Amino acid sequence: MRILFIGDIFGRPGRNIVKDRLPTLVKDHSIDLIIANGENSAAGFGITPQLAEELFELGIDVLTSGNHIWDKREIIDFFQMADGNPHSPSRRLLRPANYAPDLPGYGIYQGRKGEIAYAVINLQGRVFMASNDDPFRKTDLLLKDIQSKVILVDFHAEATSEKISLGWYLDGKVTAVVGTHTHVPTADERVLPNGTAYITDVGMTGPFDGVIGVKKELVVGKFLNNMPVRFEAASGDVRLCAVVIDCDERTGRARSIERVMVGERGLDLRA
Ligand SMILES: [Fe+2]
Ligand SMILES: [Fe+2]
């Protein structure tokens, strides 16, 4: 099975480049399953039900998120619309699994792609972030109830050490641990010794001429004077950051992980 995981989709520029480039990426990389982090889809802050539906219509199977999930309050109603249907769009949008257990939404999705069963787990880190439940032990608990071999973990976290630690902790237990949240892609993709594909951060899908998606003058100004400022999405140098994971669906072991970074006209921007 070949999995495409797209890093944090940021605002309209991010959504547009996904719409433009996804069909080619799916064809060129023979993709079977598409997962994307959508926490910044709505002008950088959160995701609305309509935007989630639009992203699903492009062919994305599961959307993950992170600390921005509650920015658009209507997403709470969307989560509650799942109404017992385990595969409805609102069930295929995840929030981190290690949030307080009684919050709306789910942190795990289990589905099938053709004959192949798979699971997606969304977690959030605790270093330089809000104090949520332990993502390591939470994963142990979740894995007890998963039957599928193919399991992808989106670890939405700030600290490289915490992300690498979870990669090692889950090596051999899941197909892939991919990092999100920093919006900066790392060049450390590899398959760990027991068959888990790993990357510290997939990077952002959005405008790279700002500061992690926001207009640069606003963020630079914030660092200079520390006055309150309303952040607005940047717009130029739009890139799509993703990884392609190839795995043996019978064992769940990853064979390879490859970084992808394409520009608006499909240019390969990895170099
Ligand atoms: Fe993000
Ligand atoms: Fe985030």
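**Figure 1. Asn 40 and His 183 at the iron ion (ligand 1).** Asn 40 is buried, and His 183 is buried too. The model shown here and in the other views is predicted. Four residues coordinate the iron ion (ligand 1): Asp 8 through OD, Glu 39 through OE, Asn 40 through OD1 and His 183 through NE2. The distances are 2.1 to 2.2 Å. Along the chain, these donors follow the spacing D-x30-E-N-x142-H. The four donor atoms make angles of 87 to 161°, and the site is irregular. Distant parts of the chain are linked by the pair Asn 40 and His 183, which are 143 residues apart. Asn 40 sits in the loop between β2 and α2. His 183 sits in the loop between β7 and β8 (190-191).

**Figure 2. The iron ion (ligand 2) and its four donors.** Glu 39 (OE), Asn 67 (OD1), His 156 (NE2) and His 181 (ND1) coordinate the iron ion (ligand 2). These contacts span 2.1 to 2.2 Å. In sequence, the spacing of the donor residues reads E-x27-N-x88-H-x24-H. What makes the arrangement around the iron ion (ligand 2) irregular? The four donor atoms subtend angles of 87 to 148°, so the arrangement counts as irregular. A tetrahedral site would need all angles between 85 and 135 degrees.

**Figure 3. Strand β7, covered on both faces.** Strand β7 runs over residues 176-180. How many of its five residues are buried? Five of the five are, and the strand is described as mostly covered. One side carries Ala 176, Val 178 and Thr 180.

**Figure 4. The strands paired with β7.** Strand β6 (residues 150-156) pairs with β7 in the parallel sense, over five bridges. In this pairing, His 156 stands opposite Thr 180 of β7. From β6 the chain crosses through helix α5 (residues 160-170) to β7. This β-α-β crossover is right-handed. Strand β9 (residues 197-199) also runs parallel to β7, joined to it by three bridges. Here Ala 176 stands opposite Ala 197 in β9.

**Figure 5. The two sides of helix α2.** Which residues of α2 are buried? They are Pro 49, Leu 51, Ala 52, Leu 55 and Phe 56. These residues lie on the same side of α2, because they cover an arc of only 165° around the axis. On the other side of α2, Gln 50 and Glu 57 are exposed. The buried residues pack against α1 (11-28), β3 (62-64) and α3 (74-80). Just after α2 comes Gly 59, with a positive phi of about 115°.

Note on methods:
Residues are numbered from 1 along each chain as its sequence is written. Chains are lettered from A and ligands numbered from 1 in the order in which they are written. This is a predicted model: local features need pLDDT of at least 70, side-chain atom pairs count only at pLDDT 80 or more; totals for chains, interfaces and linings use all residues. Side-chain values use heavy atoms; hydrogens and water are left out. Buried means under 20% relative accessible area, exposed over 50%, partly exposed in between (1.4 Å probe, protein chains only). Helices (H or I, at least four residues) and strands (E, at least two) are DSSP runs, numbered from the N terminus. Two strands pair if DSSP finds at least two bridges between them. A crossover is right-handed if, with the strands pointing away from the viewer, the path from the first strand over the helix to the second runs clockwise. Donors are N, O and S atoms within 2.8 Å of the metal (3.2 Å for Na, K and Ca); water is not among the atoms, so sites may look incomplete. Four donors count as tetrahedral if all angles lie between 85 and 135 degrees; four count as square planar and six as octahedral if opposite donors are over 155 degrees apart and all others between 65 and 115; anything else is irregular. The arc is that of the directions from the helix axis to the C-beta atoms. Contact means heavy atoms within 4.5 Å.
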